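Here is a briefing on one protein model with a ligand. Keep the structure open while reading.

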Amino acid sequence: AEDGYDLWQRYRPVEAGYAIPATSIVSEGTTPPLIAAAQELERGLSGLSGKVIEVGTLRDNAVIIGTPSSSAAIALLNPDLTKAGEEGFIIRTTRLNDRPVTIIAANRDIGVLYGVFEYLKLIQTRQPLTSLNITDAPKVKLRVLNHWDNLDGSVERGYAGTTIWDWWKLPDVRHPRYTDYARANASVGINGTVLNNVNSNAVSLSPAYIAKTAALADTFRPYGIKVYLSARFSAPIEEGGLKTADPLDPQVRAWWKAKADEIYAAIPDFGGFLVKANSEGQPGPQDYKRSHADGANMLAEALKPHGGIVMWRAFVYSHEKPDDRHKQAYDEFKALDGQFADNVLVQVKNGAIDFQPREPFHPMFGAMPKTPLMMEFQITKEYLGFSTHLAYLGQYYEEALKADTFAGGKAGNTVAKVVEGAVDNHTLTGIAGVANIGMDRNWSGSDFDQANWYAFGRLAWNPQASSRAIADDWARMTFSNDPAFVAPVVDMMMTSRETVADYMTPLGLHHLMDTGHHYGPGPWVDNLERADWNPVYYHKADINGIGFDRMKTGSNAIAQYTPKAAKLWAEPKTMDERYLLWFHHVPWDYKVKSGRTLWDEVVVTYSKGASDVTTMRNRWASLKPYVDADRFEAVATNLMIQEREARWWRDASVAYFQSISKRPLPAGYSAPE
Ligand code: GCU
């Protein structure tokens, strides 16, 4: 049965019309990454060609892999590896001893493994192999998954089952799935993983858990993946028995230093800490009237001698009642620019609220030139229908990365370029993705959610890549290379996220999901403990209009953007209306670009979102001949659920807003039964 366990690494035999010239693999490397590379190539080539292709001697069309120092053949051919850098590779067809060969070469072992995955992808996507000359290297240094996995096995905002880390049986039992996890990640260039939830438990820093973490680190190491831990800021109290966690207290500093030394004794290449501090009730330096920089720098100092780094999150809520949550992170962090140690990155969500179906880019990007800002995307779909609704996030990530910050007043300083370090000359750079991985056989809770993991990795490697091209690769590798399948599926993926935005939060509306779990509509919720948790706080609908005024007349969050970026959203008449109600409170009778009133447009967009799901569902039904029965049914069932729930979103939202707007439905739109 096809259960999706193989992800995009299926390696099923290619059809007769496509030729794989490779006959043997030449690899002299003996280090773990080179062994992993040779094994992967053997597995991939054998599976794809339907013949046994082993590591052996040089033959015509052999594939030679290695670095100049691990392979005499590569050294002899002496390829130009200057552009491959630390982690990149080249793939080239050439000749050796008068034989045609393909070489996969790199400066370092890990680059060879990445090159092998790229070569296998060429076959999996049926690219010609006869004349290759590829050089590739990542544009971002830290490409990291964030697991929101708790030590009790649950996963915060996880929709793919319980955690894949079997904490109880670690460090002794090392499940084969740990290796498969590493293979999948390495295949898209992911080189780090934070094992535990940002809402963290200090026990994860205890000696027993350090040993468990070390076992995972050992398993991942051949695949170039470092482990990191979320560090609870108050751990010196809970784990260390101290009276305080004040970052300027010498005993606290000594505790963290000793803790770092202890971790590095077990895990010499430990990556470092991820920290959520003074946010949603988590402890942090502000508990002691210290700044985020004080807290981050203390940890940075402890990690520094070992080469570790701190990823300090900017997703913060202040305790005082804010006038607009949108502004908090920027307000707390902007003034700290220049105060962070050189092994600290500040990790910023793509938007200023919280992973909504659509958000404008976070105003911190481009606003803190002296601090490396790491992007944080959510792969798990907390606000986009969990793992049953189909929403391809590659297109979402690309939209965020392509946004122009106009940093320094200059056009072209996109979020991607800020994150790559290209705008402010940072070499320490990173992208994080909140993982959607769990114990489900298909890892991600649904087949199409695998695409979001895949796309995250590809865009972390190259933030300027095309999400459409990535979807195309993924669909081919995961399902079928038949053009009659690929084209409609890629089109469907590329519009799928917009469809979700249409039936959940059209025209810039946001945070309308039901409370707590964030599943399904709840625009009417108005009774939560904090005003800024209530959906009514975000849509501000009344009989006259709807939307959050973030202009000067309102919260003035717009002022956090550079003037040129702000200008794009300043004028309802000219702006991209998909952000309209994010920035403006607009009368229901206002005429939008389509010529309809805003009220009519809201109804029409909700309806369009719902009917677009029906279109997706029908499209998928027509693709049955190209997909195995198990995965076809699994996707079809999810689309059935999504269709039902998109109508639920439409009907509940339209009925609720109509109870406020008191306007009739536009002609042709009927009230729900
Ligand atoms: C969201 C999410 C929480 C999470 C938080 C965070 O608010 O709902 O579960 O802890 O983001 O990113 O820290």
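The points below go from the ligand shell to annotated sites, backbone exceptions, helices and the core. The model is predicted. Eight residues can be checked around the ligand: Glu 156, Arg 157, Val 198, Asn 199, Lys 276, Phe 315, Asp 354 and Glu 382. UniProt, in an unreviewed entry, marks Glu 280, Asp 354 and Glu 382 as "active site".

**Ligand shell**

- The shell residues split into five charged, two nonpolar and one polar.
- Val 198 and Phe 315 belong to the shell, and they count as nonpolar because Val and Phe are in that class.
- Asp 354 and Glu 382 are around the ligand, and the UniProt record also lists Asp 354 and Glu 382 under "active site".

**Annotated active-site residues**

- Glu 280 sits in the loop that links strand 9 (272-275) to helix 8 (292-303).
- Is Glu 280 buried or exposed? Glu 280 counts as exposed, because it has 11 C-beta neighbours inside 10 Å and the cut-off for exposed is 12 or fewer.
- Asp 354 is placed in the loop between strand 11 (344-349) and strand 12 (373-378).
- Asp 354 has 16 C-beta neighbours inside 10 Å, so it counts as partly exposed.

**Backbone exceptions**

- Most residues other than glycine have a negative phi, and most peptide bonds are trans.
- Arg 157 is not a glycine, yet its phi is positive, at about 55°.
- Arg 157 lies in the loop between strand 6 and helix 4 and is one of the residues around the ligand.
- With 18 other C-beta atoms within 10 Å, Arg 157 is partly exposed.
- The loop between strand 6 (142-146) and helix 4 also holds Pro 171. The Leu 170 to Pro 171 peptide bond is cis, with omega near 5°.
- Phe 386, also not a glycine, has a positive phi of about 50°.
- Phe 386 is in the loop between strand 12 and helix 10 (394-402). Phe 386 is buried, with 23 other C-beta atoms within 10 Å.

**Helix 1**

- Helix 1 covers residues 32-49, which is 18 residues. At 1.5 Å a residue it should span 26 Å, and its end C-alpha atoms are 25 Å apart, so the two agree.
- Buried residues of helix 1 include Leu 34, Ala 37, Leu 41, Leu 45 and Leu 48. Glu 40 is also among the buried ones.
- An α-helix has 3.6 residues a turn, so residues three or four places apart point the same way.
- What do the buried residues of helix 1 pack against? Their partners are strand 1 (25-27), strand 2 (62-66), helix 3 (109-124) and helix 4 (176-187).

**Helix 13**

- Helix 13 (residues 467-478) has 12 residues and reaches 16 Å from first C-alpha to last, close to the expected 16 Å.
- Why is helix 13 described as largely enclosed by the rest of the structure? Nine of its 12 residues are buried. Among them are Ile 470, Asp 473, Trp 474 and Arg 476.
- The buried residues of helix 13 pack against helix 3, helix 10, helix 12 (447-461) and helix 14 (483-504).
- Ser 467 lies in helix 13. Ser 467 counts as buried, with 25 C-beta neighbours inside 10 Å.
- Beyond its sequence neighbours up to four places away, Ser 467 touches Gly 394, Gln 395, Tyr 397, Glu 398 and Ala 455.
- Ser 467 and Asp 261 are 206 residues apart along the chain, and their C-alpha atoms are separated by 41 Å.

**Nonpolar core**

- The largest nonpolar core has 204 residues, and within it Leu 299 and Val 310 touch the most other members.
- Leaving out residues up to four places away in sequence, Leu 299 touches Ala 231, Trp 256, Phe 273, Val 275 and Val 310.
- In soluble globular proteins, nonpolar side chains tend to be buried together.

**Annotated domains**

- UniProt (unreviewed entry) assigns residues 7-119 to "domain: Alpha glucuronidase N-terminal". The span is 31% helix and 20% strand, with its end C-alpha atoms 17 Å apart.

Technical notes:
Residues are numbered from 1 along each chain as its sequence is written. This is a predicted model: local features need pLDDT of at least 70, side-chain atom pairs count only at pLDDT 80 or more; totals for chains, interfaces and linings use all residues. A residue is near a molecule or strand if its C-beta atom, placed from the backbone, lies within 6 Å of it. Helices (H or I, at least four residues) and strands (E, at least two) are DSSP runs, numbered from the N terminus. The expected span of a helix is 1.5 Å times one less than its number of residues. A residue is buried if 20 or more other C-beta atoms lie within 10 Å of its own, exposed if 12 or fewer, and partly exposed in between; C-beta atoms are placed from the backbone. Two residues are in contact if their C-beta atoms, placed from the backbone, lie within 7 Å. A nonpolar core is a set of buried Ala, Val, Leu, Ile, Met, Phe, Trp, Tyr and Cys residues joined through C-beta atoms within 7 Å. UniProt positions are given in the numbering used here, feature names are shortened, and annotations may be inferred rather than shown by experiment.
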